[in-house]
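Hello,

Here is the structure for you to look at. My notes follow it.

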Amino acid sequence: MNQNKTQLKQFKRVQNNPLLQEFFDDIQSFPECGGIAVFMGTVRNHHNGKQVKSLQYTAYVPLAEKLIRQIEIEVQKKFGVSYIRVVHRVGLLEIGEMAIIAICYAPHRKEAFAACEEAVERVKHEAPIWKLEFYMDGSSQHVEGCCIRTD
């Protein structure tokens, strides 16, 4: 694993600007890795039978930043991956806009996929980030299941 963290890019894990893959470090910095897993979550136009117009993410940013970084560390150790980073958007998002990006580099694809999935699930359910959906009929509703652990 790459231990020279001083060369890694520094960026906020919760951002109110459009998300870009350029935030993340390049795979070339991790020559031991052959697997890359990327998850990009975008705003879709429907939820539970309702037409979605847009949505708004809000967060308690200081705690969300801390928890996302802690999740990255725990997932990295659990799966033995070299790199895992997650960034989540806050603010008003339109259909098709990127809400979350997670990238994982690992020696093999199996660990990369597993680590990426766990990181996304944990951020979705543990970080204090809330989603409010606005519907085409003029109504709105907070989405259940965000930032709520089942255990």
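First, a term: contact means that heavy atoms lie within 4.5 Å. The model is predicted: local features need pLDDT of at least 70, side-chain atom pairs count only at pLDDT 80 or more, and totals for chains, interfaces and linings use all residues. Residues are numbered from 1 along each chain as its sequence is written, and side-chain values use heavy atoms, with hydrogens and water left out.

Start with Arg-122. Beyond its neighbours within four places in sequence, Arg-122 is in contact with Ile-71, Glu-74, Val-75 and Ala-127. Arg-122 sits in helix H2, residues 109-126. (Helices are DSSP runs of H or I, at least four residues; strands are runs of E, at least two; both are numbered from the N terminus.) Arg-122 counts as buried because its relative accessibility is 18%. Buried means under 20% relative accessible area, exposed over 50%, and partly exposed in between, with a 1.4 Å probe and protein chains only.

Next, Ile-36. Ile-36 belongs to strand S2, residues 35-42. At 45% relative accessible area, Ile-36 is partly exposed. Leaving out residues up to four places away in sequence, Ile-36 touches Ile-27, Cys-104, Tyr-105 and Ala-112. Ile-36 and Cys-116 are 80 residues apart in sequence, yet their C-alpha atoms are 9.3 Å apart in space.

Best wishes
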